[in-house]
Amino acid sequence: MSISPLMPVYPRCGFRPVRGDHCHLIGEDGRRYLDFAAGIAVNILGHSHPGLIGAIQRQAETLMHVSNLYGSPQGEHLAQRLVDLTFADTVFFTNSGAEAVECAIKTARAYHQHAGNTERFELITFNNAFHGRTIATISASSQEKMHKGFMPLLPGFKYAPFDDLEAAKALIGPNTAGFLVEPVQGEGGIRPASDAFMHGLRALADEHDLLLVLDEVQCGVCRTGTFYAYEQYGIVPDVVATAKGIGGGFPLGACLATEKAARGMIAGTHGSTYGGNPLAMAAGEAVLDAVANPAFLAHVTAMGERLRSRLEQFIGNYPELFELVRGRGLMLGVKMRSEPRPFVAHLRDNHQLLTVSAGDNTLRLVPPLVIDESHIDEFMDKLSAAAATFRVEEPA
Ligand SMILES: *Cc1c(COP(=O)(O)O)cnc(C)c1O
């Protein structure tokens, strides 16, 4: 047997974390790393958050899992909180982002098919989007590297260039059901959509009775300084997929929808064995307890502005390495002059700083939302030390 017991689908690096401590991770070798990756925008409360731990411990002792065959006081309570905090009227809980997007895709198709429009099944999506790794969600992405070996794709997706309203409009036809878009592309390179683009999609959706479906799996749950990123655009979506930060590290996602958009999602049409179980609901409640308040959002905005301005001042020292800073709140990207992976490895292996690469040569910074000034100082010290010693030809 030469295959590893863990299916070798990830090119894993040598860092092997065994313990978390607020905004740091401790490796098997005892070394301490500053975590500006946060499990890829998941650990919004950092590691070892007492409120989250306590909630999970208490719920695990009380009731961990039952079934969606039964009434769910826990699910109703968390769903009501999300409804009160957002545009949504109704919520379906999932265990991951891809499942939340799957539910969003089904909701959009069912919206039309429930009304007898069986030909309206197509979603217009955008180049370099990332929506997950299931067959439907890779089909929703134009990225060929995710398709290779998994053909045929699921029919029903058309791709337009991101942030190009005219191109999206030109794809609308008799089969169109809606748009699926990340307001801030994550994997694609921390690229925020323009206001004009988001407003234009909303107007086109209204004009053609299409659903505006947002994938806020990465940019949602306070990451950009508002509870959801759509709020900053001043638009109201029909459906939003959310996950990552919403469980703070516990596997939890949700599909949020208006009553109208969810008209096809009637009894018997969708389900999940684990989705919305009491343990996951307790984690979601603990996250909302910590983040769903104006003071927390103000903290994210302040830390985001501070980190961004420090970065903008800094990158001018190394024009041969860095091009620009972009993003919103604490979802920031530094566009580099070349593929960022060797620099990510250098930061990690030589300076104990964890970051993530993203598309379009982007160094992605998605720290815990609970960072303070001291973490930004530590980050900048490590980044400047790393930039001073980095050689572009250095092997990864
Ligand atoms: C991470 C991500 C997903 C997929 O989430 P999983 O939990 O890995 O299934 C979907 N959409 C976006 C925008 C993401 O960043």
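## Basis of the description

A polar contact is a pair of N or O atoms within 3.5 Å. The model discussed here is predicted.

Eleven names make up the surroundings of the ligand: S96, G97, A98, F130, H131, G132, E182, D215, V217, Q218 and K244. Sorted by class, this shell comprises 5 polar, 3 nonpolar and 3 charged residues.

For G97, a backbone N or O atom is 2.8 Å from a ligand oxygen; for A98, the corresponding distance from a backbone N or O atom to a ligand oxygen is 2.7 Å. The protein buries 81% of the 390 Å² that the ligand exposes when taken alone.

## Packing of helices α3 and α10

Two packed helices are described by the angle between their axes and the distance between the axes. Helix α3 spans residues 73-85 and helix α10 spans residues 278-291; their axes come within 9 Å and cross at roughly 35°. The crossing of α3 past α10 is left-handed.

On the α3 side, the contact is formed by Q74, G75, H77, L78, R81, L82 and L85. Their counterparts in α10 are P278, M281, G284, E285, L288 and D289. The residues of this contact divide into 6 nonpolar, 4 polar and 3 charged.

Methods. Residues numbered from 1 in each chain as written. Predicted model: local features only at pLDDT ≥ 70, side-chain atom pairs only at ≥ 80, totals over all residues. Heavy atoms only, no water. Near = heavy atom within 4 Å. Polar contact = N/O pair within 3.5 Å; in protein donor to acceptor, adjacent residues only side chain to side chain. Areas by Shrake-Rupley, 256 points an atom, 1.4 Å probe, with all protein chains shown as cover. Nonpolar A, V, L, I, M, F, W, Y, C, P; charged D, E, K, R; others polar. Axes fitted to C-alpha atoms, helices over the stretch in contact; angles between N-to-C directions. Helix = DSSP H or I, 4+ residues; strand = E, 2+ residues; numbered from the N terminus. Left-handed = near helix turned anticlockwise from the far one by under 90°. Contact = heavy atoms within 4.5 Å.
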